[in-house]
Amino acid sequence: MKRKRFIGSKTSMLVLAVACSLLFTACSSKSSPNAAEGTNGGGAAAKPVTLKVEVFDRGNSPAGSTITDNYWTKWVNENFGASSNIDVEYVPVPRSEEVEKLNVLMASGSNVPDIVFTYDPNTFNRYAKQGGLTDVGPLLDEYGPNLKAFLGDDVLNYGKFEGTQFAIPAKRSNTGKYASFIRQDWLDKLGMPVPQTTAELYDTLIAFKEKDPGQIGGQVIPLGMTIASAQYEPLLWSFIKTMTEEQKFTLTQQLGSNDYPILLPGFKDGLQFMNKLYNEGLMNKDFGLDKDKKKLTEDISNGKIGFFTEDDVNIYYENGTYALLQKNIPGAEIAAVDVFTNEEGKHAKPKYASNGLYIMIPKSSERAVEAIKYLDWMASSDNLFQLQNGVENENYTLVEDIPVAAENPTVEATNRMFNAGDMAIISNGKQLGSLEKNLKARAFQMPKAFQEQVAVAQDIANTDTIDLILLDRPIEAQTKYATTLLDKFNEIIVKTTMAKPDQFDSIYESMLKDYMSSGGQAILDERTALYKEMKSK
């Protein structure tokens, strides 16, 4: 009995000592500024918080995966969530109806994800104006140093509404848009050099028509044209004259995502040149009906067109336009060229805005800090690189320090990447640290036979580009009248181009008057007022 009491006494003393030790430790933890956060009473880890992130659902999930449960959702939670005590939960939104679905989510308030996004600037502006978004400026300063460094001020400015940072824009890896292309084999047959200016191009087009180097008789089309922007924009913008800052700001009209030069000095001259080409039989007669470029692509592939402009790499895709041309016309050769010149001798052409998606945190979110931490993590270390490229030697190999897609990936490796692009929301296109590397990576994605030509076309697309005009706030008249005015803009191009030369001026003046009375003047007035307001600050 004595022995038992002695043992019990020792046990009691030990328990008391441990209890005191735990109490002291707990007190010390609370008083120490370096103590780990996220613990409940007794030292247990706190329950992870949930961060809800929108993800596009394209309906292409492979067997064994869903859009919310796949290789990358698990990878994010293992590499970001576990160390941050955050469960990242993905909320699917159908890509084909993203704006409509997002509007429903935003209206619900409590059910909206903590991170949402859209490509539509009008949707972003509307949410910002209505007070539905979090001001992320201070949060970026405190929790997003890597993200800010990755994006840079030029990109971040696209996410501001009246000076407040209401969105985090994704960063485009390449802003180049257009290049021009010519039948090099036709030039060789005629013994002619590649034209270097608009005037030289005109002479070349005449030679193509009159001498028929493709030996296709009356089917030759010297200049391929459509009513799609890739065909007419490089030509028209090359005629725009040097302007003051005020002229650029007030006379430009933005219809959708593009700037349109309809009021800029030189625009009429560009239309008159198109009219000349058309009336001299140097352009396809049915261009005004070709809105989707289908007929243009067919004519290029069948060897009828001598010169055209296009999105920089469009013709080079596997089994694409150029490959079909070579199949249909053995020996046919296309060269990427930069021809249209403005009054300064530059090859002026539009480019894309430097932003892609507008990433937003709804005002109702209680996880704004965690949202910025998530995006900052994506911009840190090699996390974005892994998201965009996958696993080395399974999804890609390094060539000249550039990740190149594996030629014969396994089914597992292929399935892994089905939604990788939609997970890497801070970037539009692969980011490798410089434009040079980004373009090289893009070229490596093309068929090997075309990679050198792709590099030339991409360089052309990034030469002498025209910056879009970034406004401090949206122009309400542009939003209101954009659809109507874009149709009228295209109509002006078609009808003035097809007009008889002696009727050109009257048709141009009549159609411009109709354009202005249909909303063009309202846009001009509002942009002028905004410019004066900005200059008075």
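In which sense do strand 7 and strand 12 pair, and over how many bridges? In this predicted model, strand 7 (residues 178–183) pairs with strand 12 in the antiparallel sense, over four bridges. One pair of facing residues can be named. I182 stands opposite A335 in strand 12.

Helix 12 (residues 294–301) has L296, D299, I300 and S301 as its buried residues. Just after helix 12 comes G303, with a positive phi of about 80 degrees.

The whole chain gives the setting. There are 21 helices and 18 strands in the chain. The C-alpha trace spans about 125 × 60 × 35 Å along its principal axes. Of the 537 residues in the chain, 48% are buried. Contacts were also sorted by sequence separation. Among those between residues at least 6 apart in sequence, 77% join residues at least 24 apart.

A second open sheet of four strands has the order 3-14-6-17, again with mixed pairing. Strand 3 (116–118) and strand 17 (427–428) stand at its edges. Each has a single partner strand, so one side of each is left without a neighbour in the sheet.

Both senses of pairing involve strand 6 (residues 168–172). With strand 14 (residues 355–360), strand 6 pairs in the antiparallel sense over three bridges. I168 has I359 in strand 14 as its bridge partner. K171 has N355 of strand 14 as its bridge partner. With strand 17, strand 6 pairs in the parallel sense over two bridges. Here R172 stands opposite N428 in strand 17. Strands of a sheet pair through backbone hydrogen bonds, in either the parallel or the antiparallel sense.

Two helices lie across strands of this second sheet. Helix 4 (residues 121–129) lies across strand 3 and strand 14. Helix 4 runs at about 30 degrees to strand 14. Helix 6 (residues 145–156) lies across strand 6 and strand 17. Helix 6 runs at about 90 degrees to strand 6.

Packing between helices was examined next. Helix 11 (residues 267–279) packs with helix 20 (residues 476–498) at an angle of about 45 degrees, and their axes are 7 Å apart. That angle makes helix 11 oblique to helix 20. The crossing of the two helices is right-handed. On the side of helix 11, the contact involves F267, L271, M274, N275, Y278 and N279. These residues meet F489, I492, I493, T496, T497 and M498 in helix 20. By class, the contact of helix 11 with helix 20 has eight nonpolar and four polar residues, and no charged residues.

Helix 18 (residues 435–444) and helix 19 (residues 451–461) form another packed pair, at an angle of about 140 degrees. Their axes are 9 Å apart. An angle over 145 degrees would count as roughly antiparallel. Helix 18 and helix 19 are therefore oblique to each other. Their crossing is right-handed. Helix 18 contributes L439, R442, A443 and F444 to the contact. Helix 19 contributes Q451, V454 and Q458. By class, the contact of helix 18 with helix 19 has four nonpolar residues, two polar and one charged.

The buried residues of helix 18 are N438, L439, A441, A443 and F444. Among these, L439, A443 and F444 also take part in the contact with helix 19. Besides helix 19, the buried residues of helix 18 pack against strand 15 (396–399) and strand 16 (402–405).

Methods
Residues are numbered from 1 along each chain as its sequence is written. This is a predicted model: local features need pLDDT of at least 70, side-chain atom pairs count only at pLDDT 80 or more; totals for chains, interfaces and linings use all residues. Side-chain values use heavy atoms; hydrogens and water are left out. Two strands pair if DSSP finds at least two bridges between them. Buried means under 20% relative accessible area, exposed over 50%, partly exposed in between (1.4 Å probe, protein chains only). Axes are lines fitted to C-alpha atoms, for helices over the stretch in contact, and angles run from 0 to 180 degrees between N-to-C directions. Angles under 35 degrees count as roughly parallel, over 145 as roughly antiparallel, 65 to 115 as roughly perpendicular and the rest as oblique. A crossing is left-handed if the near helix is turned anticlockwise from the far one by less than a right angle, and right-handed if clockwise. Contact means heavy atoms within 4.5 Å. Ala, Val, Leu, Ile, Met, Phe, Trp, Tyr, Cys and Pro count as nonpolar, Asp, Glu, Lys and Arg as charged, and the others, Gly among them, as polar.
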